[in-house]
Amino acid sequence: MMKKYTKALAATVFVASLAPLAVSAGEVSLSGEGSVRYTPDSARLQFTASAEHNLPERASDRLSETMEQWRKAIQGIRDQLVDYSDANVNLYTRSLPVQERGQQPERMAVASQTVSFSIDNLELLNPLLEQAHKAGLQYHLSEHQFFHSDEERLQRQALARAIEDARSRCAFVAEQLGKTCGEVKTININGGHRPMPMMMAEARAASDTVSSIAPREIQASVNATFNLD
């Protein structure tokens, strides 16, 4: 008696693991999941050059010198930087903190210029960071700047696996009921989900290099109703 009860309990637990699942006369509704793991192969980068002086024209001259150093440093790989732009220049003033009460704050002119581009070869990443540091450009790396050059294909692949998972589960349920899994009546597709990874190393100085990028995962799920024949 106990042996029969154990087998029945095991069967119940196994079927329950297929939830969410609903079976009605002639059809079954269930979900399917699929995922694809990948490592980013591209990055969007942004650097900022800045210089300040009490004279606006002197601040602009210093900024020009910094940008000239940067442009010379990347001359050999300039054609590999996608959508390169460094035309965004800003000139503004800021007030220095006063040392004594009643003292008039000294005003400084600040000139800044933004450099932005993408790379589809991550072997260029550390050399670019090194040159940016040497030129005095400021930057900060985050996981949001790294991506795969063909994420759309990876999303479709994850979705295909989710659909196949739903059909495979339908076939199992149908077999248990002495039927076969038929055509799809309805299907709802959920959007892909990409968890944000943490980089193994984050570069802030010339001595810091990005040693590796953590892999990511695209997940997709579907809810489908199949006919049972």
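1. Two strands are said to pair if DSSP finds at least two bridges between them. Strands themselves (E, at least two residues) and helices (H or I, at least four) are DSSP runs numbered from the N terminus. In β5, T114 is the bridge partner of T48, and S112 is the bridge partner of S50.

2. The model is predicted: local features need pLDDT of at least 70 and side-chain atom pairs count only at pLDDT 80 or more, while totals for chains, interfaces and linings use all residues. Residues are numbered from 1 along each chain as its sequence is written, and side-chain values use heavy atoms, with hydrogens and water left out.

3. The sheet. Four strands form an open sheet in the order β4-β5-β3-β6, with antiparallel pairing. Its edge strands are β4 and β6 (146-147), each of which pairs on one side only. β5 is joined in the antiparallel sense to β3 over 11 bridges and to β4 over 10 bridges. In the latter pairing, V89 stands opposite Q113 in β5. Strands of a sheet pair through backbone hydrogen bonds, either parallel or antiparallel.

4. Burial of β5. Residues are called buried under 20% relative accessible area, exposed over 50% and partly exposed in between (1.4 Å probe, protein chains only). Since 11 of the 13 residues of β5 are buried, the strand is largely enclosed by the rest of the structure.

5. Helix α2. This helix has 18 residues and reaches 26 Å from its first C-alpha to its last, close to the 26 Å expected at 1.5 Å a residue; the expected span is 1.5 Å times one less than the number of residues. Its buried residues are A59, L63, T66, M67 and W70. The buried residues of α2 pack against β3, β4 (82-95), β5 and α3.

6. The cores. A nonpolar core is a set of buried Ala, Val, Leu, Ile, Met, Phe, Trp, Tyr and Cys residues joined through side-chain atoms within 4.5 Å. The largest one has 29 residues, of which L45, F47, W70, F117, I119 and L128 touch the most other members. Two or more residues of this core come from each of β3 (42-53), α2 (56-73), β5 (107-119) and α3 (125-135). Apart from it lies another core, of 17 residues, including V28, A162, A166 and A224.

7. W70. Leaving aside residues up to four places away in sequence, W70 touches F47, Y84, V115, F117, L128, Q131, A132, A135 and L137, where contact means heavy atoms within 4.5 Å.

8. The disulfide. A search of the whole structure finds 1 disulfide, defined as a pair of cysteine sulfur atoms within 2.5 Å. C170 is joined to C181, with an S to S distance of 2.0 Å. C170 lies in helix α4 (residues 151-176) and C181 in strand β7 (residues 181-189), so the pair ties together parts that are 11 residues apart in sequence. The torsion about the S-S bond is about 110°, so the disulfide is right-handed. C170 counts as buried at 0% relative accessibility, whereas C181, at 22%, counts as partly exposed.
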